[in-house]
Amino acid sequence: MIEAGKTLANPTKKPSLTPKAIIHQKFGDKACYKVEEVQDDSNQNGCPGLAILQKGPSLYRCTLELPETTVVSDTCRRKKDAEQSAAEKAIEKLGIQLKEYNPTKEEAWNDLAGRISFLFSNEFLPSLNPLGAHFRAALRREGHFKGCVPLSVLAIYDGKVSNICKYIDPMAESNSLLVMSLVLRAAAKLTDSVVISDKQLQRRNEYSLEILSSTNNESNLLESILIEVVIIPASIGKAVESVKLNFTAAGYYLDVIARELGMNEASDVIISRTIGKASSEMRIYSAAPKQLLCDQFEGTLNDRASYFAGQEIHGDAILASVGYTWRSTDLFHEAVSLRSYYRMLVNKIPSGAYKISRDAILAANLPLAFTTKSNWRGSFPRDILSTFCRFHYLSEPVFSTQSNSSDASLDLPGSRKKLKVTQSSKEEKTEAFSCEVKIYSKNQELILQCSPQETHRKQTDAVQIAALKVLSWLNMFFENPNVSSEKLNLLAENLDIHFTPRYFFKEFALCHSMHNNKAAENEPSLIDITGENSGATPSNGSLVCISYSVSLFREEDSIKESLESCKEFEFEIGNEAVLPYIESAVAQMAIGQSAYFQVDLPSDEFILAAAVDSGSALSLLSSQRCKMEYHITLLQVTEPLEERMEQAQFSPPLSKQRVEFAVQQIKESSAASLVDFGCGSGSLLDSLLSYPTSLEKIVGVDISLRALTKAAKLLHTKLNKLSESSSKIKYAVLYDGSITKFDSQLHGFDIATCLEVIEHMEEEEASLFGEVVLSFFRPKILIVSTPNYEYNVILQGCTTEDPDEKNQTQVCKFRNHDHKFEWTRAQFESWAADLAATHNYGLDFSGVGGAADVEPGFASQIAIFRRREDNLTNMESDNHYVPIWEWNRENIPPKEQ
């Protein structure tokens, strides 16, 4: 836990205005921004020499047209950055002096009065902003309310008013009633221009006919329109319900909402801040107190509405999405149904936000771990945490990453089994990242921080894993209302989380009473699986694809109500990414099979958030004799990535052990040139640069232009950082070409590697590669590695038949879904021995991961071919490879070396 030392931010410390805000202050609507997309293909994305034409990232340039001048921005990656750049250039060109707004209290009072006076001026009325639209709508009100603007509107819709009020009283930042009171006091000084009428203000003198005529063509709203809203009763015993309100073009929508709440008119209504996205118009409307700041509300505290609004709401309330938006004269509106209400409620739970992102409320579950970016589905943990903070009116989470150079042989997360490996003479140093997350209240009180001790190879992984730790702990708190403080602290410590109880429980005081969490024990009574067993079943780490449908089922009369369905839904087995009973069923299925089962009902909020027809769902739920019925079909299984399986068993991972094996061969042979056949994204070549070797020339060959592009960028960056004293590499080149074709440019290299490549080819192609490389390329040494199929029993935890039987049936799968074959030790040795004998090469066998004399041998088996003859026959020029990227140390400017 963190000691409750209050760390309030200075409420009067206002961030500097953005350049765009400064331009708006000076020129208003006369400033016109025009953004265009441009392309920047220069320098091949920072990789000179890359011969592959690439579309660069989308870039933007903005032209800012002002009455006095026109400026063009720099090229930026984001549109809004281009706009800010244009505004900044305009400020510099026009010599606009920047002055930070930091008034005294007396100056703030004067500024507030001046702002109110401006709002009721002829100049402001035509403004195309939300507040201007409210002023124009107020002129359509009837009787003595005509032209009256509620104080709550000024407090909520004018950012300048609320900002000035903070300098008069810092508490105004989070108290709209205080803002309304301050506005009322400031308006009392404007007797010549403004009339005070209860909780609203009115212009003393009527607007001119010219101004009024310019605003009469206001709305395209039909004569009347019905808009669905949700009534949230103050009494927790009364159900939330949806109603439709009738809005007319001739009226003021706040008057309609006031009457629905049983009040006289718009000034009796308090408007909340926006709920969810800042750009939305979703708000809570409720009764204002009879007198401002007296705290004498007529209704009781409305816990549900308060939970949504993040502020105290009294009496019945309305949740509606209606209002005015920027640069529009029309009344914006969206229907808010019961389903909308419950989806917003679910979104306030960490796991609920993930469910919503997957549109699978009755299937998805917040995953246990962030395994790989490619296997993650739905919003990423960092985005979910930001959504969670926004819905709970907290500050945006603060992520701080650190980079450390560490021994690459250290056990990073995911490695469990420790194996001994040969240490190189100089330990490789790799970059590792850690990430700390902090969450603050709006008043900058530190609520919690997560400081993981482990490091990760990728910065993005460190960020996502830290965010997921915070989400997992918060989710546990939300889903377990009876959790003890001791257990909460213990779970926090296990996840490297420290929290401040005083601030934490203050921010989440209502969460347990708002979410009706039921017991987690919800096992299906019987799983009925139908269809032929194809034998293709998922295992831990598999990425599966299912179709599913969920219905509300009442057994006594067999009535069903469809709740949720999906034709293709992917998730990772063993990561708790779906509800337990779904994973339990899928784990028992084979591709093509279907399963049917029933479970007890979860909390009503999840059912109603999923149900399209809330009325029918509520009718069935009221009988209290319903079950949830699931129908699932297993469509596809993608086996776990080979690298992840290997990392789970070996430390260092097999990929690093293979590199170390190659380095040892290079050192023993004093090789000066190396070609990597099937180099892919350049992982081996990149890793070799971290070791001191005799290599002067390195070459990579692959058929994937995408992989070669990545390899080029990787190698270019690293080679330019290496000094001549730390690396002897003078030349590097990458070729596009098939390794089953000969290219005389690569004839007679000192050493050639082909690591974990041949299994991605057909067996006939693998044999052809062996023939071509040994008969034509003729390297002094050839190193070939491939998975040992017999080791899969350990990697996958599967079983095999009697190993002595030649026609045994193996139930272990290949390590990767795109492997065309995987050989046993006998098959690999036979292939290698035939090639060595045919082409006059010596042959040794080795491997990494495991041991030669312990069954089932090495996890990755290696053949080392050594050419017996020193003299090479000259080969005719035969070039099939296309150079994609070249690097030459002589071409590097001195400052880069």
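Hi everyone. Let me open with a definition: helices here are DSSP runs of H or I with at least four residues, strands are runs of E with at least two, and both are numbered from the N terminus.

Now, the ground rules. This is a predicted model, where local features need pLDDT of at least 70 and side-chain atom pairs count only at pLDDT 80 or more, while totals for chains, interfaces and linings use all residues. Residues are numbered from 1 along each chain as its sequence is written, and side-chain values use heavy atoms, with hydrogens and water left out.

Back to Ser670. Its phi is near 55°, a positive value in a residue other than glycine. Is Ser670 buried or exposed? It counts as exposed, because its relative accessibility is 52%; the cut-offs are under 20% relative accessible area for buried, over 50% for exposed and partly exposed in between, with a 1.4 Å probe and protein chains only.

Gln444 is another non-glycine residue with a positive phi, this time near 65°. You will find Gln444 in the loop between β14 (429-440) and β15, and at 28% relative accessibility it is partly exposed.

While we are on backbone geometry, have a look at Pro856. The peptide bond leading from Glu855 into Pro856 is cis, with omega near 5°. Pro856 sits in the loop between β27 (841-850) and β28 (858-867).

On to strands. Two strands pair if DSSP finds at least two bridges between them. Strand β11 (residues 317-324) runs antiparallel to strand β12 (residues 331-334), with 4 bridges. Tyr324 faces Leu331 of β12. This hairpin has 6 residues between its strands, and Arg327 takes a positive phi near 55° there.

There is also an open sheet of 3 strands, ordered β4-β6-β5, with antiparallel pairing. β4 (149-150) and β5 (194-197) are at the edges with a single partner strand each, so one side of each has no neighbour in the sheet. Between β5 and strand β6 (residues 200-203) there are 4 bridges, again in the antiparallel sense, and Ser197 stands opposite Gln200 in β6.

Let me turn to charges. Side chains of opposite charge can pair when their charged atoms come close. The criterion for a salt bridge is a side-chain nitrogen of Lys or Arg within 4 Å of a carboxyl oxygen of Asp or Glu. How many salt bridges does a search of the whole structure find? The answer is 28.

Here are some of them. Glu36 pairs with Arg61, the closest N and O atoms being 3.9 Å apart. Glu36 is partly exposed at 41% relative accessibility, and Arg61 is partly exposed at 27%.

Next, Asp158 and Arg115 form a salt bridge at 2.7 Å, N to O. The pair links distant parts of the chain, 43 residues apart: Asp158 is in the loop between α5 (151-157) and α6 (159-168), and Arg115 is in helix α3 (residues 105-119). Asp158 is buried, with a relative accessible area of 5%, and Arg115 is buried too, at 14%.

Asp81 and Arg78 make a salt bridge as well, with the closest N and O atoms 3.0 Å apart. Salt bridges also link Arg141, Asp255 and Glu265 in a network.

Last stop, the surface patches. Members need over 30% relative accessible area and no salt bridge, and like charges are joined within 9 Å; Lys and Arg count as positive, Asp and Glu as negative, with His and the chain ends not counted. Lys373, Lys458, Arg706 and Lys710 form a positive patch. Within it, Lys458 is in the loop between β15 (446-450) and α14 (459-479) and is exposed, with a relative accessible area of 53%.

Which residues form a negative surface patch? Those are Glu762, Glu763, Glu764 and Glu765. Glu762 belongs to the loop between β25 (751-755) and α25 (763-777), and it is partly exposed at 39% relative accessible area.

Definitions and conventions
Patches are made of residues with over 30% relative accessible area and no salt bridge: like charges are joined within 9 Å, nonpolar side chains (Val, Leu, Ile, Met, Phe, Trp, Tyr) within 5 Å. Accessible areas come from the Shrake-Rupley method with a 1.4 Å probe; for residues, only the protein chains shown count as cover. The place of a charge is taken as NZ of Lys, CZ of Arg, CG of Asp or CD of Glu.
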